[in-house]
Amino acid sequence: TAEDGSRAWLRYAPVPQADNYRSHPSSIIALNSTKSSPVYTAGQELQHGIKGIFGKQLGINGTSNSRPAIIVGTVDAYRKAYGNFDEADGLEEDGFFLSTEGDNVVIVGQNERGALYGAFDYLSRLAQAKFSTVSYVSNPHAPIRWVNQWDNMDGSIERGYAGPSIFFQNGFVVTNTTRVAEYARLLASIRINGIVINNVNANVTLLSSRNMDGLGRLADAMRPYGVQLGISLNFASPQTFGGLSTFDPLDPAVDAWWANITDQIYTRVPDMAGYLVKANSEGQPGPLTYNRTLADGANMFARATKPHGGIVMFRAFVYDNHINETNWKNDRANAAVDFFKDLDGKFDDNVVVQIKYGPIDFQVREPASPLFSTLRKTNTAIELQVTQEYLGQQCHLVYLAPLWKEILEFDMKADDRPSKVKDIISGERFSRPIGGFAAVVNVGTNATWLGSHLAMSNLYAYGIMAWDPAAQSEEVLGSWIRLTFGFNRDVMDTITDMSMKSWPAYENYSGNLGIQTLTDILYTHFGPNPASQDGNGWGQWTRADSFSIGMDRTVKNGTGNAGQYSPAVAQVYENINTTPDNLLLWFHHVNYTQRLKSGKTAIQHFYDAHYEGAATAQTFVKQWESLQGKIDAERYEHVLFRQTYQAGHSLVWRDSINQFYYNLSQIPDEAKRVGNH
Ligand code: GCW
């Protein structure tokens, strides 16, 4: 139902064999919980969850003799109430200890937020009927686990596919914060601790005093869930909003202006997470205007937030979108390293450089950004996208955890030592104090949050993986399915099968062999338009002509991009024989008749892959139809509509891409499906 949509994975539906639970708790003890604090929320959530799952109404007390109890609180509060607690020794910030071993269930957080995470974890176990006795400490992989919203002040959302903003309306922060609190609750349940609420293409009017008051309201709504508020800033604000004659980051008046604005915001939001800045990118203002470096720009914000404990996320998505395609050395994929390599070590300690997972822009297949192993003395975070901008915009099912996993597990081999992306961004590999994860989510007012029930697996998986990137995509998916749709075996198997096939299918019928998504890049980012990639300054080129296709990114003959990786990785990409097929056209320019490792020619692979991918999308409809009656009618119909759409649209993709390359190459399809037969 619509309600199921907004409750997402927090439905707390009754579970089968609830009687098997060994000792049903009879009270909840929320230690030292002041109203609106995360521990208070934990108590409420436990009460609400147990009521749903077991149909049992428990009281919540500060202390209680009614046992067995669920005890939840911080380490400090627990020690005060019960004395020693050695289990807490391994706890890190935001971490928790959960034990169902003794008479009582014990949930202890390193801080209040950790206690809430522990409560959600316990409830998630119960809701999945995981009743076995457990006792463990769980710590986050990285301290920064944020989401970004690209919401505009007028209530629209850039690359948002689920209706208008829950944060803004008609130029102002909303007054009704119900949905904001609900979103914060969802995020807390997957251990996300920050939201940047407005578009990185930021509007200065967010800084009006009316809107600053609004920020206070939003932070108040999110605080009970331990989710901190952050905002995106427009670099030119001192001039366009503050009336100064300049926004030069090294001008003392500009510095003072930002310090003052920042103080004003922190007066309203004392625990604000920090700022996010997109500068000198796609027309946004930045420090380069004044011949200052990007580090000069980032550090200006760092100075302003430092006294308040705030962080500055500074985006690495800086590139020139007017580059000339006739020069074969030009390459947008080189931009991030070119702009940032000389700045390593020049960023203040509270700056984190936020790097999109690949060198271009959220494509269906990209190598990991070479910037991850370039910055050694700089804090970094990875930027992922839950909103499916290039990936079907929530009208196509694409389960993204496997894509993210490939990047996070990729070994950058810095200095020939193991250097997985996940260990670089956590700060571990290069001994950085902070780092972590950001994902663009763009939920809207739609009751499903993302416009599609199935797309919510991506939000769920993002949170779980930001906490623990070692989590397995399929297992995470399984939990999400059980929590969202219940226990029916067919439902589990079917949605698992569809989801796990979905990214490969989308890659097959959109753009394979590392040629990027081949979607329209000029306007919609939706639907096939391979011609749109070339002939413009955006630099998402394929360089397809009648004979050949692909970007030569080698050092010996091309743009040199392969050389931005550590030598051990560069060597793999430099050589056509060692480059994996799925990145062939990313790194090499080849004839259509180039043989792949599979023995097929590149063009025949194109034809076949597009047929295969679209055929898989057809099966999703049948698979979904087999679930009729096994899930509620409303969600069934909603998803069926989307799957039917995807099936049809995948044929459009298949035929337009194949026809396009047939027209160019005039090479017939061996199976006689494409061309004039
Ligand atoms: O891919 C592009 C998107 C823009 C976005 C930009 C960015 C918010 O098409 O909509 O702007 O990336 O990430 O800054």
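Helices (H or I, at least four residues) and strands (E, at least two) are DSSP runs, numbered from the N terminus. This is a predicted model: local features need pLDDT of at least 70, side-chain atom pairs count only at pLDDT 80 or more, and totals for chains, interfaces and linings use all residues. Residues are numbered from 1 along each chain as its sequence is written.

Start with the domains. The chain is assigned domain 1 (2-138), domain 2 (144-485) and domain 3 (509-551 + 589-665). These bounds come from an automatic or database domain assignment. The centres of domain 1 and domain 2, taken over C-alpha atoms, are 31 Å apart. Their contact takes 21 residues from domain 1 and 21 residues from domain 2. Two residues are in contact if their C-beta atoms, placed from the backbone, lie within 7 Å. On the side of domain 1 that touches domain 2, α1 (2-7), α2 (38-54) and α4 (112-127) each give two or more residues. Which element gives the most to this side? That is α4, with seven residues. The residues on this side of domain 1 divide into ten nonpolar, seven polar and four charged. Here Ala, Val, Leu, Ile, Met, Phe, Trp, Tyr, Cys and Pro count as nonpolar, Asp, Glu, Lys and Arg as charged, and the others, Gly among them, as polar.

Next comes the ligand. Around the ligand lie Trp150, Glu158, Arg159, Asn199, Val200, Asn201, Lys278, Phe317 and Asp361. A residue counts as near a molecule if its C-beta atom, placed from the backbone, lies within 6 Å of it. This shell has three nonpolar, two polar and four charged residues.

Now follow the helices. Helix α14 (residues 456-467) packs on helix α15 (residues 473-485) at about 125 degrees, with axes 10 Å apart. Axes are lines fitted to C-alpha atoms, for helices over the stretch in contact, and angles run from 0 to 180 degrees between N-to-C directions. The angle makes α14 oblique to α15. Their crossing is right-handed. A crossing is left-handed if the near helix is turned anticlockwise from the far one by less than a right angle, and right-handed if clockwise. From α14, Met456, Ser457, Tyr460, Ala461 and Ile464 meet Ser473, Val476, Leu477, Trp480 and Thr484 of α15. That contact has seven nonpolar, three polar and no charged residues.

Move on to α15 and α16. They pack at about 135 degrees, with their axes 10 Å apart. These two helices are therefore oblique to each other. The crossing of α15 and α16 is right-handed. Residues in this contact include Leu477 and Phe485 of α15 and Val491 and Met500 of α16. By class, the contact has seven nonpolar, three polar and two charged residues.

Last, helix α16 (residues 489-510) meets helix α19 (residues 602-625). Their axes come within 8 Å and cross at roughly 155 degrees. So α16 is roughly antiparallel to α19. The crossing of α16 and α19 is left-handed. Among the contact residues are Met498 and Tyr509 of α16 and Ala609 and Phe620 of α19. The residues of this contact divide into eight nonpolar, six polar and three charged.

Definitions and conventions:
Parallel < 35°, antiparallel > 145°, perpendicular 65-115°, else oblique.
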